[in-house]
Amino acid sequence: MISEMIKKYWPFVLVDIKMSRRVILLFEMLFWPLMSLASLGLFTLFLKVSNIGKLFIFTGAIGWTFIHFCQHAIGRGFLSEVWHDSMKQTFSSPITLKNFIIGHWLWGIIGSIIGFTVMSTFALLIFNFNLFSLGVFIPVFMLLAALCGLIIGILSVSLVLFFGMRVDFLVWSLTDMVVFISGVYYSITVFPPSAQFIIHLFPVVYVFEGIRAALMGADALRIFLNGLIIAFFWVMLGLYVIKRIEKYAKRTGFYERYG
Amino acid sequence: MLALEAENVRKSFKSYEGFFDRIFNRGKNVEALKGISLSVKEGEIFGLLGPNGAGKTTFMDIISNLILPESGTVKVFGLDVVKQGLEVRKIINLSSAYSKFYDELTVRENLEISAMYYDMKIDVEKVISLVNLEEYADKPFGDISSGNQQKVVIARSLMTNPKLLLLDELTIALDPNIAARIRKIIKKFRRENKTTILLATHNMYEAEELCDRVAVIHRGRIVACNTAANLKKLVSGEDVLEITLDKIESPSELLMARFEGAKSIIINKKNNSVVIHVDNSEKRLHGILKTLMSKKYKIKSVKLKEPTLEDVFMKLTGAKLE
């Protein structure tokens with residue numbers, strides 16, 4: 001069963017691994033996140049930000065990079081087929097869009113784990129902020145963050161399949177739009193209660209509430225579990241919706257237009 | 001068993017202008033296929049001959065499960081392309097002249113990854129040598145010439161030894177030498193593997209050279225289907241005169257001119273020529289030249305041509321292939 005799964009997803013992971021020879025991908029995985037982390041770290045030093053303030057800033061920056069890279073791996077994988085004019089060849093092969101998305105997502109997880117490790121080590125060594133103290137919650141955080149990346153990735157590919165390449169910019173900007181409502185750098189208590197209720201219907205907020213609760217010694221497990229249940233629901237819904245949208249794309253000639 | 005059976009396949013697309021037109025499904029309907037029916041026997045090379053926009057690629061994409069037809073059925077070796085899309089994709093392979101690969105990966109890497117999609121044991125080296133690309137195997141795809149890129153695309157479609165091979169504009173935009181070499185590869189592959197091939201082309205030479213049977217497709221309809229030799233009989237009893245003039249200022253004036261015995265007239269402004277189908281060139285030539293000279297045209301050359309598939313196409317549709 002495992003070998004069957006590997007066969008399904010490995011080609012897409014392999015494409016991404018081989019493509020990572022491109023310097024720009026290394027920049028996306030390490031350079032820009034590190035530069036952003038360094039700037040924010042220096043900002044905390046300059047303003048003598050409190051420990052709680054540092055907690056919000058560093059968990060926000062590192063956690064967000066994890067989700068962002070997972071989502072980008074999916075979006076970039078899909079758009080890459082259009083940019084290389086290889087879409088027709090790829091999708092006339094006996095592969096499914098679901099396997100294609102999951103394969104690229106798996107690469108996103110690998111890249112995100114590398115990025116997380118490097119960024120957390122950097123934060124520890126330079127700014128004395130220890131994210132490794134999350135301990136057993138690290139894999140739980142990673143799983144939830146990866147699922148959030150998958151959900152946003154499915155959404156971005158769905159939008160491109162529906163509206164065409166005119167909305168390809170959403171692949172790059174969708175995660176940034178989500179930052180605003182998901183309490184990445186602040187608690188969502190800043191929003192009115194009704195808005196908080198709606199925000200809690202989406203899993204991203206649980207990533208940051210969970211990670212901060214774990215570092216502050218609060219009940220993080222409950223938050224993460226709630227987040228995972230909601231995330232699984234959204235993943236299932238996303239996979240169902242994208243199947244329908246792919247049918248729509250086949251009816252409207254998406255692959256012919258962008259093949 | 002038939003390799004391919006299509007029955008009354010229709011497809012139209014909506015063209016949307018504004019962003020919200022798509023959401024509210026307000027678009028202009030463009031009919032791409034208007035009831036295509038055909039059958040291809042196992043082992044046959046079947047050509048779809050028609051100009052750009054005739055519907056060839058749309059039909060190929062329906063067979064490849066990239067587009068869903070509006071109505072009608074398409075079966076590949078008995079499998080329905082809509083209901084059993086994944087199964088169909090396992091036994092076909094598509095080579096499109098407009099398709100490429102990842103520029104950054106080498107030729108070998110690209111083929112190896114494509115092979116993985118099919119979950120088959122594939123000897124990539126054998127495929128590379130089949131298309132004579134050994135010396136380019138380790139070069140990035142983006143660094144090799146367009147002719148060699150086209151060979152890689154073809155290699156990819158041959159490597160799975162498909163039961164039905166779809167070739168969409170096999171040699172478009174390639175220089176004649178490379179195009180001839182690619183046709184040779186396809187012929188050899190077919191001879192050795194008895195593969196059924198569906199070739200969409202607007203190149204009449206290619207259709208004549210490769211295909212056992214040819215369907216002439218125009219504006220989403222098949223207007224004739226037979227062997228190339230039998231199709232040419234449609235214009236037998238007719239001669240084709242190609243007259244090159246010094247310049248053509250007013251094509252409409254030529255179209256209006258009453259050339260004695262002319263059955264159809266095609267004007268090619270690019271090379272200032274007029275192609276006239278007549279029942280008897282010997283009898284009619286004098287009158288035609290006289291008419292042209294009376295309209296102050298200078299005649300540079302006159303050729304009597306053997307009828308080609310292009311002439312068949314012109315006769316059937318009144319349009320040119322290009």
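In which sense do strand E1 and strand E4 of chain B pair, and over how many bridges?

Author: This is a predicted model, in which local features need pLDDT of at least 70 and side-chain atom pairs count only at pLDDT 80 or more, while totals for chains, interfaces and linings use all residues. Residues are numbered from 1 along each chain as its sequence is written, and chains are lettered from A and ligands numbered from 1 in the order in which they are written.

Strand E1 (residues 2-15) and strand E4 (residues 71-76) of chain B pair in the antiparallel sense, over five bridges. Two strands count as paired if DSSP finds at least two bridges between them; strands (E, at least two residues) and helices (H or I, at least four) are DSSP runs, numbered from the N terminus. B:Ala6 has B:Val74 as its bridge partner in E4(B).

This pair belongs to an open sheet of four strands in chain B, with the order E2-E1-E4-E5 and antiparallel pairing. Strand E2 (28-41) and strand E5 (79-80) of chain B stand at the edges, each with a single partner strand, so one side of each is left without a neighbour in the sheet.

Helix H2 (residues 56-63) of chain B lies across E1, E2 and E4 of chain B, contact being defined as C-beta atoms, placed from the backbone, within 7 Å. The helix runs at about 115 degrees to E1(B), where axes are lines fitted to C-alpha atoms, for helices over the stretch in contact, and angles run from 0 to 180 degrees between N-to-C directions.

Definitions and conventions:
Contact = placed C-beta atoms within 7 Å.
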